[in-house]
Amino acid sequence: MNERLSFLQQKTSKLTLSPGVYLMKDESGHIIYIGKAKSLRKRVTSYFRNNPDHPPKVSRMVENVYDYDFIVTDSEYEALILECSLIKQHRPKYNILLKDDKGYHYIKISNEMYPKITAEKKLDNSGEFIGPYMSAFVSKQTVDEVNKVFKLPTCKNKFIGNSKKSRPCLNFHINQCIGVCNGNIDSAEYKEIINQAIEYIKNGSEKSVDRLKKEMEIAAESLDFERAARIRDRIRAITRAAETQKILDDNLMDCDVLASARSPKGSCVSVLMYRNGKLYDKMIHSFTENECEDNLTESFIPMYYLSAPDIPKTIYVDTELENNDLVRKALIDKCGHNVKILYPQRGHMLRYVMMAKGNAEEYLSIKNDRTGKELAALDELSQILGMKKPPEYIEAYDISNISSSSMVAGMIVFKNGRPYKKAYKRFSIKDNLIQNDYGCMREVFERRFNEYLKGKDEGFSVLPDLIFVDGGKGQVNAVLPVLKKLNVEVPVYGLVKDNKHRTRAISTGGGEISVSQNRAAFVLITKIQDEVHRFSISYMKSRHTKSSYSYELTKVKGIGEKKAQKLILKYKTKDSLKKASPEELSSAVGISAETAKELYKLIQNM
């Protein structure tokens, strides 16, 4: 709680309703946060409410605000420009966009008799370098492609001359290396191939192919058919590579492709930069959970481009911008040429947006020790349900019974997109003696969240980010009053099945949300529904089997329900029970030898 809250509230009440920029300061006078506002009073007031509902990052910032300053502007557009300029100058602690400084990456052609092409992060005197690139992605991707196209060696062997050094490795036998180690390629011919590879890196596929065709014709005219055949194969390799990958596209001129991805523990934005028909560079900017903006792409674009030396004519994004015109005007004024911000939803460019999104997801998957598909499913699910961030901890419930006997419930947990079996729970229904799914679900929720509020059982100590119940709006509406009574705030949705018992939709308290078009989320929801159904059914069958045994045992005179249950708990399985001798049965439940013999006969015939 900020001790200066009353002072800040009083000061804010006198603020102008005009647009502008506000500068939050700590006790020492340092600027800790800078923001823009369409209305200064309304925006700044939102920080200093008595009962705020701020994200953790904002809460920490507000706690450290001692005072603030502001600059009034004539328009929201001017406020946007000023905000970006001031953040760049002061780099406040709680303005997190673009704080990470990335190192440079290069493509190296080693200084050897038989040079190799590798991706490097540092410059030295051991070869020729192409670059710099802002990240490792393009340099590594280009090196992999050029080595494959020109069949260059990627092993650690050092080639000194054309004498045979060793047997060729597997790459030679699968036609992915020209086999320098065979000794049949001299250094002059090899360096010619390296020069072709360098030209390919610098100028792209079309110019390389044109030049190689001329060389092939010259070789054929000189009757050097072996060399002509090698050049022909190289042309085919370059052509195939150009057709199947998105690294080189002669129809794509200067543009950037942006996409963001979210995970329960943070987010990131991937920027693919295309210049002169080829992928020129890639940038990844990551943000922790507490640093994430509500609309990350829209917040990112002005902060990134207004301080960038190069703004392309077209920027493709993975979400529609609310203030597209405002952001475009800022970029146009900065660079002096027209800028389009486009949101492709189908067609050729959607492939590139999905490539950028895939890069963002893969970056987060490595960081979070999850697959890209798992993180994509959680992100997609959160967007379908309108959640501020992807759910990390999901609980799902299902009721299972045979008529009014063996009534049970299963609770499963998915943590970061995977089953977390350590947290699974089973409930035997106690209060509802007849079949009533709504009543049983209410009972389970009361017991589960009462345990959470008590805080004694570690297995119930986590408050989930999201809850699914097996069923439609009836099940959802049955449990919402329970959570409200216990003052527990967790979003609850139902999992609706079709007549073939397959996942069809997500149910709210008043309607349904279709998920069939959201493939990643649909697969995750289906897994959750199948797993909770399996878990509850297996528990119900186990309970039903035990209750059947119990009923059979009570047919022996002197064996009541309690003694039958005691036997089942002691021996657990039918086979163990059959192996017990009359003397062991007598000792286990304290019955006479005669009763134990009758019981033994019954068990053997079960």
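These questions and answers concern cysteines and salt bridges in a predicted model.

Colleague: How many disulfides does the count come to?

Modeller: A disulfide needs two cysteine sulfur atoms within 2.5 Å. For Cys 169, the nearest cysteine sulfur is that of Cys 155, 5.5 Å away, and Cys 169 is in no disulfide. Over the model, the number of disulfides is 0.

Colleague: Is Cys 440 buried or exposed?

Modeller: Buried means under 20% relative accessible area. Cys 169, at 35% relative accessibility, counts as partly exposed. Cys 440 has 0% relative accessibility, so Cys 440 counts as buried.

Colleague: How many residues apart in sequence are Asp 124 and Lys 108?

Modeller: Their side chains meet in a salt bridge, at 4.0 Å from N to O. Asp 124 lies in the loop between β5 and β6, and Lys 108 lies in strand β4, so the pair ties together parts whose separation in sequence is 16 residues.

Colleague: Which strand holds Arg 418, the salt-bridge partner of Glu 374?

Modeller: The side chains of Glu 374 and Arg 418 meet at 2.8 Å, N to O. Glu 374 is buried, with a relative accessible area of 18%, whereas Arg 418 is partly exposed at 31%. The pair links distant parts of the chain, 44 residues apart: Glu 374 is in helix α13, and Arg 418 is in strand β14.

Colleague: Where does Lys 497 lie?

Modeller: Lys 497 forms a salt bridge with Asp 470, at 3.4 Å from N to O. Asp 470 is in strand β16, and 27 residues away in the chain Lys 497 is in strand β17.

Technical notes: Residues numbered from 1 in each chain as written. Predicted model: local features only at pLDDT ≥ 70, side-chain atom pairs only at ≥ 80, totals over all residues. Heavy atoms only, no water. Buried < 20%, exposed > 50% of the residue type's maximum accessible area, 1.4 Å probe, protein only. Helix = DSSP H or I, 4+ residues; strand = E, 2+ residues; numbered from the N terminus.
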